[in-house]
Amino acid sequence: MEDWRITNQRQYLDGATLVWDHYSTDDAWDHDHCELCWAKFPEDESAGYRTRDSRHWICKRCFEDFKEDFSWTVAENGQPAKNNHLEN
């Protein structure tokens, strides 16, 4: 059974490489939402996982819940981790 948080995110997040980062606002954009649960950055979450282009953010809880299902890898300092697999 699918989780209520999953809608069409597989189209753009399946197999994505993510970067752990602290969320910061700028003049053009004052917040983002977790792509899965809609937690609000920076009000609900001050840091999380983002895609390399910073278009999509994922909160820590959703990352932990879906990292295997979406086959995410985590970049180190913006570069893919050497083993390219998530460790438990």
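This report describes the cysteines, the nonpolar core and the backbone exceptions of a predicted model.

Residues are numbered from 1 along each chain as its sequence is written, and side-chain values use heavy atoms, without hydrogens or water. Because the model is predicted, local features need pLDDT of at least 70 and side-chain atom pairs count only at pLDDT 80 or more, while totals for chains, interfaces and linings use all residues.

The structure holds zero disulfides, a disulfide being a pair of cysteine sulfur atoms within 2.5 Å. For Cys34, the nearest cysteine sulfur is that of Cys59, 3.8 Å away. The sulfur of Cys59 has its closest cysteine sulfur in Cys62, at 3.6 Å, which is too far for a bond.

Accessibility is classed by relative accessible area: buried is under 20%, exposed over 50%, and partly exposed in between (1.4 Å probe, protein chains only).

| Residue | Relative accessible area | Class |
|---|---|---|
| Cys34 | 1% | buried |
| Cys59 | 2% | buried |
| Trp38 | 57% | exposed |
| Ser71 | 47% | partly exposed |

A nonpolar core is a set of buried Ala, Val, Leu, Ile, Met, Phe, Trp, Tyr and Cys residues joined through side-chain atoms within 4.5 Å. The largest one has 18 residues, of which Cys34, Leu36, Ile58 and Trp72 touch the most other members. Strand S5 (57–58) and helix H2 (60–66) each give two or more residues to this core; the largest share, three residues, comes from H2. Helices (H or I, at least four residues) and strands (E, at least two) are DSSP runs, numbered from the N terminus.

Backbone exceptions occur in loops. Phe41 and Pro42 are joined by a cis peptide bond with omega about 5°, and Pro42 lies between strands S3 (40–41) and S4 (47–51). Trp38 has a positive phi near 70° and sits in the loop between strand S2 (32–33) and S3. Ser71, with phi near 55°, belongs to the loop between H2 and strand S6 (73–76).
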